[in-house]
Structure formats: structure tokens, C-alpha cells
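This briefing goes through a structural model by topic.

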Amino acid sequence: MAANATPDFRTRLQTWLPKLVLSPSLAMVLVFVYGFIGFTVYVSFTNSRILPFVGPDGQPTHDLIGFTNYAKLFSLSHWEISLTNMAIFAGLYIVICTLIGLILAILLDQKIRGEGFLRPLYLYPMALSFIVTGTAWKWFLDPGIGLENIMQTWGWESFSFDWIKNRDFAIYTIVLAAVWQTSGFVMAMFLAGLRGIDNEILKAAQMDGASNWNLYRRIIIPQLRPAFLSAFVILAHLAIKTFDLVIAMTGGGPGRATELPATFMYSYTFSRNQMGIGASSAVIMLMTIAAIMIPYLYAELREKK
Amino acid sequence: MRRFEMRLRVGAAAVALLAAGAAQAADVEVLHWWTSGGEAAALNVLKEDLEGQGIGWQDMPVAGGGGEQAMTVLRARVTAGDAPTAVQALGFDILDWGAQGALADLNDVAAQEGWDEVVPEALQAFAKYDGKWISAPVNVHSTNWVWANKAVLDDNGIAVPETWEDFVAAVETLSAAGVTPIAHGGQAWQDATVFDAVAMSAGGPEFYKAAFIDLDEEALGSDTMKEAFDRMAFIRANVDDNFSGRDWNLATAMVINGEAGFQMMGDWAKGEFLNADKVPGEDFLCFRFPGTQEQVTFNADQFMMFDQGGVVSDEQAALASAILSPSFQSAFNVVKGSVPARTDVSDEAFDACGKQGMADLAAAASSGNLFGSMAHGHANPAAVKNAIYDVVTAHFNGEYDSETAVSELVDAVSIAQ
Amino acid sequence: MAVATQDTAIRTGRFARALIYLVLLLFVLFYMLPLYVMLVNSVKPLSEITGGGMMALPQVWTLEPWAKAWSTAQIGVQPTGLRPYFWNSISMVVPAVAISTVLGALNGYVLTKWRFRGDTILFGLMLFACFIPFQIVLIPMAAVLGFLGLSGSTAGLVLVHVVYGVGFSTLYFRNYYAVFPTELVRAAQIDGAGFFQIFWRILVPSSGPIAVVCIIWQFTNIWNDFLFGASFASGDGAPMTVALNNLVQSSTGVKEYNVHFAGAILAALPTLLVYIVAGRYFVRGLMAGSVKG
Amino acid sequence: MGFLNIDNVTKSYGSVEVLHRVDIAVEEGEFLVLVGPSGCGKSTLLNMIAGLEDITTGEISIKGQVMNGVHPSKRNIAMVFQSYALYPNMTVGQNITFGLEMHGVAKPERDKAMADVARLLQIEQLLDRKPGQLSGGQRQRVAMGRALVRDPDVFLFDEPLSNLDAKLRVDMRTEIKKLHQKLGTTIVYVTHDQIEAMTLSTRIAVMNGGYVQQLGTPKEIYDTPANIFVASFMGSPSMNLIPATIVDKDGAAHAEITDASGNAKHLRFSGGGLSGQDGRGIILGVRPESITDMEGADRKSTNIETITNTVGVTEPAGSDTFVTSQMSGRECIARMRADAEVRPGATIEFAVNMDKALVFDPQTEERVV
């Protein structure tokens, strides 16, 4: 009997091929994401101004200045505002998008005539870039030319909607435009989830005498859990990356009332030539993302195993 | 950790790599943000000029945020070791790049063409680093202009205001007549543009220089500064409710349409009036902000020339000399609304406002009244400028009262330095 | 009377249905508003806009702004309109979408059908990478592209988009393939099919729905990207968004809003087209896997 | 040395050993069934034979060739899966010939092989359809066709009938049996259904907890199970396991049990293997068919013991009637003729065929006699 226990070539090839196939993507991610994060962390400890590792005097520098940038960062009221705004924006944006998406999906799932016509109308904003839709929103929300003006010319004299001009409310107009862009996409995700639910369960629940309300609340919505989770990942990622929208709609104003961490970071790194502070704000931002996403990813991925 | 080290070396080597980066021979690659109709067409004059000399022009336009976007792209290009030949830039950005040792030494061209004699000294301060010419100025914008609708002023019996008090009276007259006295766009840089003129008017040139150029803490925290903020509050009280976030040209449109009396804005606003077929002196008026008739606060667009391995290439020299040629200076600035960067250009082709601008510039340059504009990055570095923006815009939007604004200003400037 | 259908077990009354249609139409209004603003302002002369009639229908209808935006508007020093940049975008988007989708499909295949110790952690690493804000990678990416000699080239731009697109495409395909029966892979193995044969002959033919989702997602994101396009493309090779930005952004020049809006719609046409053409498969694709656990 | 040799094979995931030292030699033409409850390791073993899972230690060889590390496709095996695993994007014909194509068989030959198999399985009319258009039974046939066409050394079946309804399952079972008899192929078949195991196999390996509990012919497994697990797993209804004590009486060993009222009863053992163990506690194993009424008792038996007891429940099942009664506090099932007239609560005389009675040790659970 041939005691040949080593695998043949083909089998060996088959065992390392999968890893080989995965490795380019992995290498890219390691270098271009994690390598760059490491780079950013390093820069955040230097006094880089206009270019990384080039000091204020224009001479190359690798001096580490400890947490000075972080201390400066947290002494800036401007940074505090952008953090608060992020919390308000992300929270509202994710919740409202999910709600609208869910409601629209449920309504569209009622055997609606013309669903094929309505769906793209809800979805299309996702296809547009904010470079210009931002302007359209800005005008529409502008009390002098937009909604308020129209309502008043139509005779509703006391109508007032000037949130975009109001420091305390401007951030909500950003939420509005962001919701406009993505809620249709979320709707599609929920619609897909609804279509995947076994009809027999629904029939059984109706036999049990469940009202429509209870049917959704107790039977259907709990089964949409995977759709909720996917929507959360996508919305959270979009919330963090929101940048063009603010630039186009308010430019961070009125005052600095709609500044977000992404715009803050960009402004310090590129407009203000304070790359060290910009990098430290990026690090804080990444840590916040990690604090939220890692437990989520951990729970999600572990469960699937 | 190894990979990390490599990143670092790549980053650090970026500056050194500059020498290697260049557009193809006999081509100039020009990064700029002049993309709107008139100004781009004006720049095309330059392109054709160079092409006449057999030099190709690789266009690299990146608009947005008054050049901020272009500066970001420049940072990426330099880091990649692939810097453009020439880059449009403003004020302190040029000096910062000069300090990196990234720019070419244009002294030979300058000497040949006699730039030192014809370019105002205040402007030279931003075109030279360490005694070397590093960039070629294209124009001078002055920012302390007021634009007015002549019909509105005439209807209300208002003459061109000479002093702050005149101005206050005029504003109050308009306000009483139900006209929006001041058209304004509530964006940080527009707020700061107004603040430039207001501070100059409230404290005079010495104060302006001490506060914005020397960043003297005493001046920044002085009562004069509080007075300037109080005047900003007056202006804030006399703009319409809708000012926030408005583009400057929509504010200009309000003046053009007679909905508002005045707008404080740089000389580029003239383009909007001309585009609406309005005639200077007949339909609209241009005058210096009351109390700053003697002074000119300016910002100047320049093209900085990136180092091409220690020598100034022929193409760069040709580009630099073409930029400062009187014919281009005249042709470009007539369209752009600004005035030539050299004081010896004939004003023949310019309209009334342009002629006045050229005369004002020459006078201010010779009397020492030409100052870099804080709002446009010609008084202090970007970090400080933006820190001042933060305070000015917060005050203008009612977040701070004048007293708080003054103390915030002192703090913000010190943090940013 | 209840309107019952065989498919859905939910029954709704006539009044409720009227209400549902009303709500759905109100949302149509909400979603169409900005498009209305853009469309209406793109077909009127500039004077009507600066005159304050931004929300009104045009008094004079004109297609001039569209023509101008497409072929004669000033983008750089030359009045080329958006036309040449359109092809730049296509030549960048098509390979970037194709490569990131193929890589995502292969990754998803490996991560679900060829599992190995630590694969979940690797996937977690790739997924977390989706969340990195692009602003922070700009400078180091420029350094790497310079190092690779790819700066200012379409290839470099494609690389960047593949790098930051592969996380999501892997996510989509992994979730889809996770519910794809593993027994099929085993049967094919016994039949003698190799790693790539199984992928190509067994999985790919069933991947249509998720490929649509992935392609729509990647196409939209890459087409609409501005930051990378502006930073890493050469002037002539700039994508559509950079050209559009040059068209609409101008700090000290005259703003032709009507041309801006026409340009914006033109720039968005390919993505709109993708949504309309592939939209019907989109929900189906999402259904087939990406919203499952 | 068998045709398919499983030699001392173990399987571990990390430090957890899930399959312990399995040794089975399968002869050519044999039909080996691996049976056991879910999680017993039977599918793992099958996958290891197929090459879909690595072997931790030990060797598997086919026709004398060691298969450790050999790619599944190189083992000359074919497998039918529980879900059939038909490629959804290919037609039935393509499904059947895919393996041949992968092995580089030319098209004309493939077509001929496909036609032969299709005729054998009577699926000629289905060849151009997609799997999605087939019924469960048709899919099953296609899956078998895909395996047959390869003409492999060993067929592997992984619960192939569990997705079919009851009637179809019985039909297909017969058909598989016929195919095996006709083609004489070597088959390893995994199931959790002991009836399938009994009817199909030439040999059975009963597995539990990663151990092969017993390997033998169906008759051996049924009549002389090695331990309590095998005894109770095989057979339906399962074997009655009655706690008892050995009592020496009249010079012979008897099992002492109690009836429903708690009175001691004695049943004499056939044979003399248990003499001299007075007082030892045992488990008495009696299959339901060995407990009947007097008329139904096995005439060939040498030792029928009777026991009077109270009837608990009667379950007429058509061909038989199952009657329960309490013995040593356990429910015991007796299998009586369908026309046996037994009423719940009545006291009747049960006949126990002690020739077929088994004795297990309560501690080791091994069979003693």
C-alpha cells in the first residue's frame, strides 16, 4: 500500500488558490486603509502644516509633539460644534431614513398599481451628485425664494420656514436633504426584505386574528432584522462621509452651525494648513467610528459563523 | 511597522521628488481655478500667446472655494512628485510654498523685464521669498469697494457717503424708505470682506496693520476692535433676513435690480453689473468704503512657478514674461474687473471704475496705503485667517456680542499661530 | 369591502388604499422637488433667475443652457462644454466598476465557499475599511500613486476606486453567496471542477441579481466622486464631476445658474439611466441576498 | 484489505475530536449504510471519503490507493446530495455531463453516456429542462444520473431520500436497491432512517457520538445488537428494555421482573450462559414482536414464558396491534396480530419468546448474552 500522505499538486493548488485570490484585495485594504490610518495617526503627533512631515518653517521634520494637536483640537469650540452636529445629524438621518424607507416599502408592498413607475422616482436621488442638487435644495429652502416665499405668495402670509438661515435649525435642513437622497434606497432594501417573507406565516397570523397593525408590528417587522442591519451599515457609512452636501448647501454656515467632522477635518488639513490638527481630528473621528462599528461587526459576524 | 516606515519615507521624500516631477518638455501645465466664462476666456489669451511661441498648454482647472480646492489638488500633486509647472495661488500660500523650497527662482526673468520697478512693493512681498522672485502676479483686486444702485440712491436723495456717519445716515434713509439698505451674502469670506473695510475705516491704516498683519495682541483686543465689531452689528441690522448662505452674485443682483442700495464687495462684482448691461456711473456707482478713500486693501492672483530641477525652464520663463506683459495685463484685467499688477499699464481700455481702481492703486502704492486684505489671505497665514473668519462670522450671525468677539478674536489668533 | 389579493395576505380597505396612494404621491412630490428646481431653471434665461423667479415656470423657454453646458461652456481655458469629459468618466468608471465587482465576487466566493481560519476577521477588516473618510487618505494616496508612477493617469484613478470600492462589493457578494447552497460547490468539486471553474460555471451564472446591485452601487459612487477625480486625474483626463464643478463653482466670476443646472442633469444622466434601466432588477437583486443575514 | 478501506480514521476540529478511530473495510459491490442520529459523525465520515473534508489521522484508500490529500475529482467517486445539488443554471443534460466535461471527455462520448443513463433512469424527456422545472422525484433521478454517468468506483449517498414525501421515498428506495442489484456497484449511503438502513444495506455501521457502535449485516445488527444504543436505535417500535435481576431457580437462571401491580414474575432464560450469577442486576431486552399473546407465539421457539399482566393502551396499526403494559415500571410494547381482542385495563397472558431475549449490563450497556 502506497503510504503517500502528502496531497497531490492539484489539491494543494486548490487549498492555496482561495487565499491567493483574496490576497490582492487584502493587501490593498491593508496598505490603502490601515496603512493610511497609521500614517494619519503618526501625522497627528507631528507639527506638520502644509505637507506631512514638513514643519512650520518649511524644513522636513519628524519631531513628535505628543498630544499637543489633540489639546488644541479640544480647545476649539468649532470642533465641539462639529461633534455635536455629527451626533444630531447621524442620529436623525439614520432614524428618519429608516422610518421613511420602511413606511414607503410597506405601502408599496400593498399591490400598488404603478409600483414600477413609482420605484425609480423614489430611487433616483441616489444617482445625483450633491455638487448641484445642493444648490437646488438651498434655493428651495431659502425663505426669500423658496418654499416660504411660495406659501406667502399663495396667500399664507404667516407661513415661515427659515431653518436654513437659523443657527439652531440649519443642521436639520442638512438632515432633510440627506434623507431625500437616501431614503429611497433604504426603501428598496426594505421592499426586498418584505418580498422575501413567507406568505404562509402571514396567513397563519391572520387566522390567529392579528390586525394589520399587529401583523406588521409583531410578525413582519421583526423578520426584517437583516434588512435593518444592512440599512444601518449603509446609512452610518454615508452619514460619516457626508461632506459635499454641507459644502453645497450651507458651506458650514450660518456661522459654523452646520460644520461636521468631515468638513472640519478637510478645512484644517487643506484650507488652513494645519495638517497636524486635521490629522488629529481624523483620528478622533476614526476612533468614534470604530467604537460604534466594531461591536456591531463583531456581533454580526460572530453570529453568522 | 515596516510598511509604515515606508509610507513615512514616501511622504518625506515628496518634497525632494519635486525635481523629478514636471510636465512634458515644451509644455506648461497650469493649475488654476478660473473657469467661469470671462476669466477663462481671458486666460485663453495667455494660452494662445504661448502657443504662438511653440509652447503647449496643458490646462488643469479645478474650481471651488476660492482656490481651496485647487490648493488641495496641488498638495496631492506635489506629494505624488508630479507638481504642475505653474499654479495659480494667493498671498500666503505662495510664501508657504516658497518656504518649502518648492518654487523656482525667477530673478533672471524679473531682472530682464524690470519687474522690481513696476510692481508695487506691497505686492512684491507676496511674489518674492528670500529675495527671489517665485511667482508672477497677474492682477490686483481691491476689496474695499462699495457698489450702489444709482437710481435707488438718487430717488432717496443720497449722495456718495464720504464718512462712516454719512454711510449710517444713508443706510437709515434707505431703511426708512423700505429698501433693503445693504445686500449681503452670509458666507464667512463675505462677512470677512466687509470686516476688512470696516476695520480699516474704524481704526485707520496703522490699526489695520497692527491687528491683521502684525497680529498685535493689543490691537486685536483694543476698543477700536470693539468699535469695528459694533459697526459690523450695525451692518448686520441693515441686511435683509435672508442673507445667510447667499452667493455674492445674488447679493449683487439685488443691487442691480434695485432691491437693495449698497453692496460691499471686491472689484469682481463689476462683472455682474456689466453682464446685466449696466453702465458704470450711469446705472451703478463704485466707490471706496467710507473712511478708506486713501487706502486700498488688495488681493492678487499670481502664478507660482514650481522648481524644475534647479533651473527655470524656457517655457516657464516664457510663461512668466507673458503674464507680466502689458498687453496681457490690460486684456485680462479689463475682463476680470481687477487692475493690472504693474502700475505702468495704460488705462485706456478700462471703464470708469477700472480707471479709478488703477489710479487708487498707484496712489496707495506710492503713499504706503496699500495693504494686503485679511479676508483674502494677504494679511496673515491661512490658519490665522480662518480663525478670524470663525470669530467674525460667529459675531455677524449673533453668536457673540462685540465684547465677547474681541476676546474670542485674541484667543483664536493666538491658538492659530 | 376588502380588496384581497392572492399574493399578499394583507387586506386593506378602500379608504385605506386611497390614503396609501395619497401618501405615496406626496412622497413623489418630495423626491421630485429638487429635480423640478433644476429642470425648470435649466430652461429659462439667466435674467429670469437673478430676477428672483427661481421657483416659477419659465416665461421664455430656452434650450440654450443645455447646448451651452454640453458643448460651449467654459470648463478650463477653452470653451469645450462637458462633452469631452463625459468620455473621461466612462473610461474610468467602466474598468473601475468591472474590476471592483469581479474582485468583490471572487472575495465573496472565497469567504463563503472556501472558508479558512480567520476568514471572518479578514472580512471584518475589509468591511470596516468602507468607513474610512476619503479626505484623510488623499495625501498618502498621492504619495503612493506617485511612487507607483500612476499619478495623473486614468489607471491610477481606477486603482483608487477599486481600492475603496472593493469593501462594499465584497459585502454584497459575500451575503449573496452565503445563502448559495454549498452542496453545489461540493458536487462540482466531485465532478472535477477546479476553483475557477466552479466560480465561473456554477456561481457566476446565478449571480445576476447581486451583480446588478453591486454595479448600480459602484457606478453611482464612482461616477459621482469628485475628490479623487480632482486630485488624481490630469487636466485633460478629468472626470465629468470635476468638469461640472469647474462649470458651477466660481468665486469671482459670473454665475450662469441655468447652465449649471443643465450641466448637472447632463452629468447625472448616465447614473439616472442606470437606475431606470436596471432599477427593476435592483429590488430583485437586493431581495436575492444583500438584505439577508 | 477491502475495496474501500477506512483505516483508523479520526477527525478533529481544533482540539475537539468528532470522529474516533473508525475502521471499516468495504468489499467491492457492497452496500454499506452509515446510520445514526444527527451529529453522530456519519456525514463527516462520508465527506472524508469524498475528499470534501480533511482526514486528521488514519488513512482512507480505494482500490489500494491511499486517498488522503487526493482531490475529490481524482478519487473516482460520485456523490448524491441530500438537496441533490443540481446546478440551477444548467439543463438536466448539462448537469449530468458536467463531470465528464470537467474530466475532458469528448462530446460524442458524453452524449452517449448521457443517453444511456437517461434511459436507465427513464428521464429522457427531461434532458432539456432546468432543475427548477422538475418535481422532487425527478430531481432525485437526475442527481442519481449525474452520479451514475461517471461510472465511479464508489457511490456516495448523503441522505438522498430525506427530502421526498413518504410514498415517493419508498418507491425510490426500491429503485435504488434495484439499481444496486443490477449494476453491482459499491455504495456508501448515509441516513438517519433505520428502515432505509435495514432494507437497502448489505452491511450497516451504526454510529453514535463519533464512534462506530456496531458494524455488521442487517440481521446481526437487528438480532444481536452490540449494546443498548444499537438495540434501541434499530427497529420500530424500538426494543423493550426492562430492568431485571437474575434469580437462580429450579437449577436455571431466571429474569425477575415486576408486573403492573408490582408482583415479582420470573422468566426463564434459554441456554445456560447466565447461571451462577444470582442477584446480578441486568437490562432485559425484548423486541416487541417477541412479546405476543399465546396464539401469536413463535412456534419455532424453544422457550416461551408467560406472564399475566394488565393492559395499558392498545394501538391498532392495521397489520398489527401494539399493546402496552407495565413491566418493572417501564412501558413495554407487545406486537400482536391485528385481530387480537385486547381491551385496555383487561388482564391477559403475554407470551415472551425468551430465545430472542437479550441481556445487557446496566453499567457498560454492552450486551452480555
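The largest nonpolar core has 441 residues, of which B:Met304, B:Ile388 and D:Leu156 touch the most other members. A nonpolar core is a set of buried Ala, Val, Leu, Ile, Met, Phe, Trp, Tyr and Cys residues joined through C-beta atoms within 7 Å; a residue is buried if 20 or more other C-beta atoms lie within 10 Å of its own, exposed if 12 or fewer, and partly exposed in between, with C-beta atoms placed from the backbone. The model is predicted: local features need pLDDT of at least 70 and side-chain atom pairs count only at pLDDT 80 or more, while totals for chains, interfaces and linings use all residues. Residues are numbered from 1 along each chain as its sequence is written, chains are lettered from A and ligands numbered from 1 in the order in which they are written.

- In soluble globular proteins, nonpolar side chains tend to be buried together.

**Chain D: strands**

- Strand β6 (residues 77-80) of chain D has both faces covered. D:Ile77 and D:Met79 are buried on one side, and D:Ala78 and D:Val80 are buried on the other.
- In a regular strand the side chains alternate between the two faces of the sheet.
- Four bridges pair β6(D) with strand β7 (residues 154-158) of chain D in the parallel sense; strands pair if DSSP finds at least two bridges between them.
- D:Ile77 has D:Val154 as its bridge partner in β7(D).
- Chain D also contains an open sheet of five strands, in the order β15-β19-β16-β17-β18, with antiparallel pairing. Its edge strands, each pairing on one side only, are β15 (291-292) and β18 (330-337).
- Within this sheet, strand β17 (residues 320-327) of chain D runs antiparallel to β18(D) and is joined to β18(D) by eight bridges. D:Val323 stands opposite D:Ala334 of β18(D).

**Chain D: helix α2**

- Helix α2 (residues 92-102) of chain D is mostly covered, with eight of its eleven residues buried.
- The buried residues of α2(D) are D:Val92, D:Gly93, D:Asn95, D:Ile96, D:Thr97, D:Phe98, D:Gly99 and D:Leu100.
- The cover over these buried residues includes α3 (107-121) and α4 (136-148) of chain D.

**Chain B: domains**

- Chain B is assigned domain 1 (14-140 + 302-351) and domain 2 (142-297 + 370-416); domain bounds come from an automatic or database domain assignment.
- The C-alpha centres of the two domains of chain B lie 29 Å apart.
- Domain 1 of chain B puts 13 residues into the contact, and domain 2 of chain B puts in 16 residues.
- On the side of domain 1 of chain B that touches domain 2 of chain B, α4 (91-99) and α7 (121-127) of chain B each supply at least two residues. The largest share of that side, three residues, comes from α4(B).
- By class, that side of domain 1 of chain B has six nonpolar, five polar and two charged residues. Ala, Val, Leu, Ile, Met, Phe, Trp, Tyr, Cys and Pro count as nonpolar, Asp, Glu, Lys and Arg as charged, and the others, Gly among them, as polar.

**Chain C: overall and domains**

- Chain C contains 13 helices and two strands.
- Its C-alpha atoms fill a box of roughly 75 × 70 × 30 Å, taken along the principal axes.
- Of the 293 residues of chain C, 61% count as buried.
- Among contacts in chain C with a separation of 6 or more, 73% are between residues 24 or more positions apart.
- Domain 1 (12-72) and domain 2 (83-290) divide chain C, and their C-alpha centres lie 31 Å apart.
- The contact between them takes 14 residues from domain 1 of chain C and twelve residues from domain 2 of chain C.
- On the side of domain 1 of chain C that touches domain 2 of chain C, α3(C) gives the most, six residues. That side divides into nine nonpolar, three polar and two charged residues.

**Chains A and C**

- The contact between these chains takes 79 residues from chain A and 78 residues from chain C.
- Helix α1 (residues 9-44) of chain A supplies the largest share of the chain A side, 15 residues.
- The chain A side has 52 nonpolar, 17 polar and ten charged residues.

Technical notes
Contact = placed C-beta atoms within 7 Å.
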